[in-house]
Amino acid sequence: MITSFLEEVVTTIVAKETTLENLVFVLPSKRAGVFLKNALVKKIDQTIFAPEILSIETFVEQLSNLKSASNVQLVFEFYEVYKQLTPENQQEDFYTFSRWATVMLQDFNEIDRYLINTKDFFSYLSSVKEINHWSLSPDKTEMQEQYLSFWKRLDAYYSAFSNTLAEKGLGYQGLIYREALENVELYIQNTSKKHYFIGFNALNTAESNLIQEFLQSHNAEIFWDIDTEFLEDYDHDAGLFMRKYKQDWNYFQQHPFQYVSHHFSSAKHIELIGVPKNVGQAKFVGKLLNDKLAKGDIQHTAVVLGNESLLNPLLNSLPKAIEKANITSGFPLFNTPIATFFNSYFSCLEHQDDDKWYYQYVLSLLSHPITRTFLDEADVSYTAKLIAQIQEQNIVFVSLTHLKEQTPESIHIKLDKLFVNTLDNSNKIVQNCVDIIVYLKDIYANSEQENGLYLEYLFRFYELFNQILVFNTNYNAITTTKALKGIFSELLSAESVDFQGEPLEGLQIMGMLESRNLDFETVIITSVNEGILPSGKSNNSFIPFDMKVAFNLPTYKEKDAVYTYHFYRLLQRAKNVYVLYNTEPDVLEGGEKSRFLLQLELYKKPMHELKNYIASPKLVGKPKTPTEIHKNEALLQKLKEVATKGFSPTSLSNYVRNPIDFYYQSVLGIRNEEEVEENIAANTLGTIIHNTLEDFYKPLEGEFLTKNHLLAMKENSNTTIAKHFEKEYKGGDYSRGKNYISYQVALRYITNFLKLEEERLNEGKQIKILHIESNLRTQIPMAQFNFPVYIRGKVDRVEEENGIINIIDYKTGRVMQNDVEITSWNDLTADYKYSKAFQILSYVYMMQQGKPITKTTQGGIISFKNLKGKVLQFAFKEGYGRGAKKFHEINNETIQHYQEALQNLILEIFDTTKPLTEKEV
């Protein structure tokens, strides 16, 4: 078992100190303090007064007498200062301001932590910005003037902001450090306690000066955690800061540099493992932990997440046998179901138009499980009812009045909370959020199911919204829903649900920064890719790179050195190391494998056992087998029911195209879910055209078509089409955009169709309308069955043209003449491409009702996208090519051939030896 750094330090201190109660231990983090206290407990076997153990942030805050303000409060305070010092015509709203203010506050923090002379710094920065916008033109635009004046005011912003915070006893980290440094001399003079600074690495200027002040007082010591391999190698970034302190600090001219260890070169088992994608890494960590459980050495093991977004998949990949795990970072609040609910809520409110909300966001909100819990009752799903109603009526913009009309009064108060007018003040919206949480709390608390985790989520959101409510009441800065959503998202990203666990027992799961000062026998590190470990040249700052260098502010070089130190420090005392990297990186998930891995390979120590391999899941390729559904008694019974009701020509064509589609649609009755048609769909347009022609021609049944009839139809086209648009499109708007174009397309189709009719009359054709949109149903003779089999359908039009009966089907799609021609009767049911010919013969067959044909009969299709083809008549062809002879007449022989093909198709459908087999479409 290894001896940790903190245990080594405690051993050294206990050996030299007679009492511990007058000691102050200052460490980089509170977590390190917990482990230090545990090391003291192990070392001391008697009851004593404990020393004071503080994190550096707590210690500095005590010195400064300032309280650390939250990031959100800082943004609000900064906005107040910004409004006071910025001319009114140049002021931005809070939402726009907050986008850049958070970055500016980070820069203020950096400037203060490194004790930069702000007057010189901001003057220099203003000059740089002015040079960047230099041009030969003597006159600057208004935008340029405002831009440059902003940078000139930056010093005033900083000074007023710092003073405002100080007056309120508040501060951000950098300001607290400045103030602490001012007070440190007085503190040292008035304390008799000895201070130990333990385990630091990259110190900012304020920390460096503060610690040196204590060291010079001769009543303090500092213990570093560095290995000789890194300290003495001047090219290794892990020792970059330590070498600088050892050389530059006067203290080390007369005192030893402690604590330098020699652990890194000791025996280690190191595996560098490439794993595809993030979830793959989480699963592989689960496998590693399972292997360790089998060996019985899960204790003293840590999983360090280079990318902390892996926490969720990792938790779902842990072996069930791991009973104890301590998670230091907490579960991000934005990953909870409550977060997605409020994101949907704010997105819906954002898209309000004249007291109505855009349907996509309303459906998204109503479909959320939390909304269902909030609105639905035990026996009634109001959300499902509302969703179906919106989809059926094609309501593009949904009003609260409409939602209330569909629901009882008992849930109206809840609907008022969900669909609030965004013209109301932001505080009312936030208060609604609080009220929703209270409703949900009562529901979950009284539920029979275990909802402890959800209640914890709700409590964190309750705190969050109350925080926003307090700040906005005090500052009144949030005036729009967009700004409210922005500040909510910013707050949410920084919040987490803390896990309850024993920090000293079980598996340790942490981020890289939480590992400071801690040592483990087995370390598993994930996401060791460039751009993650180290983070690379990301620069979220307004300060140019050359200015950072000139004023000794940290650049990406120093930030990379911080990650280098933490990475190698984890390896110093570890016996078993597993380093995982993503083999399939992208823009969002880092780059190629980290330089750290290459360094471990190139500078391998003699006692390091190094393995390098790619781990990927075993994928067993299975050939895709078509779906087969065997015909059992239940399926045959269902087919009998369909047969008794009647097969439609379309359903039989579907069977020819793909029997599985036939099974889903005609047997099971499964239809595609109805959706709101924001833009008019092709099938809706076809229905509108069919219904318009039915209105025109239905009154003419039994009459000859005349030009006066056509003239009346032309005059009524607009109103009739509009009537059917309103009927089919329900609540939809067709007065603008794509829908208006669809309306004009329908009008053009009808106009062109009426022109075709006029041309036919001009050719001297006598057209008598016999039937319009007739429902037909005919029994198919099936001697093999003891139950009736019917075919049913609706024929669009039956006319008599110069004594010839013509049975016509309308198609709004494009149909060509060769689509309705066949060369073999077997083609009718062998290939879907002959479905148009099959449908024509089906309508003729149903019209005859099993009786012999006594009049010359033809059948055809009028294609609205091919009106030049006029009526595309069915034809049986003998021969091929241009010399092929075509027979358009549909006689008794034709019907007999059709009936035989139809009977064979029905026999195949009921054949128990032939399963319904999926075809590639």
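In this predicted model, F461 is in contact with L333, T336, I338, A339, F342, I437, F488 and L492, when residues up to four places away in sequence are left aside. F461 also belongs to the largest nonpolar core, which has 119 residues, and it is listed with F78, F121, F342, Y345, F419 and F465 as the members that touch the most others. Helix α22, spanning residues 452-475, gives this core its largest share, nine residues. Another core, of 80 residues, lies apart from it and includes F35, L215, Y251 and F520.

The chain as a whole has 34 helices and 29 strands. Its radius of gyration is 40 Å, well over the 29 Å that the globule rule gives for 921 residues, so the chain is more spread out than a compact globule. Of the contacts between residues at least 6 apart in sequence, 78% join residues at least 24 apart, and buried residues account for 51% of the 921 residues.

Some values for the whole chain are set out below.

| Property of the chain | Value |
|---|---|
| Box filled by the C-alpha atoms, along the principal axes | roughly 125 × 70 × 65 Å |
| Distance between the mean positions of positive and negative charges | 6 Å |

Technical notes:
Residues are numbered from 1 along each chain as its sequence is written. This is a predicted model: local features need pLDDT of at least 70, side-chain atom pairs count only at pLDDT 80 or more; totals for chains, interfaces and linings use all residues. Side-chain values use heavy atoms; hydrogens and water are left out. Helices (H or I, at least four residues) and strands (E, at least two) are DSSP runs, numbered from the N terminus. The radius of gyration is taken over C-alpha atoms; the globule rule is 2.2 Å times the number of residues to the power 0.38. Buried means under 20% relative accessible area, exposed over 50%, partly exposed in between (1.4 Å probe, protein chains only). Contact means heavy atoms within 4.5 Å. Lys and Arg count as positive and Asp and Glu as negative; His and the chain ends are not counted. The place of a charge is taken as NZ of Lys, CZ of Arg, CG of Asp or CD of Glu. A nonpolar core is a set of buried Ala, Val, Leu, Ile, Met, Phe, Trp, Tyr and Cys residues joined through side-chain atoms within 4.5 Å.
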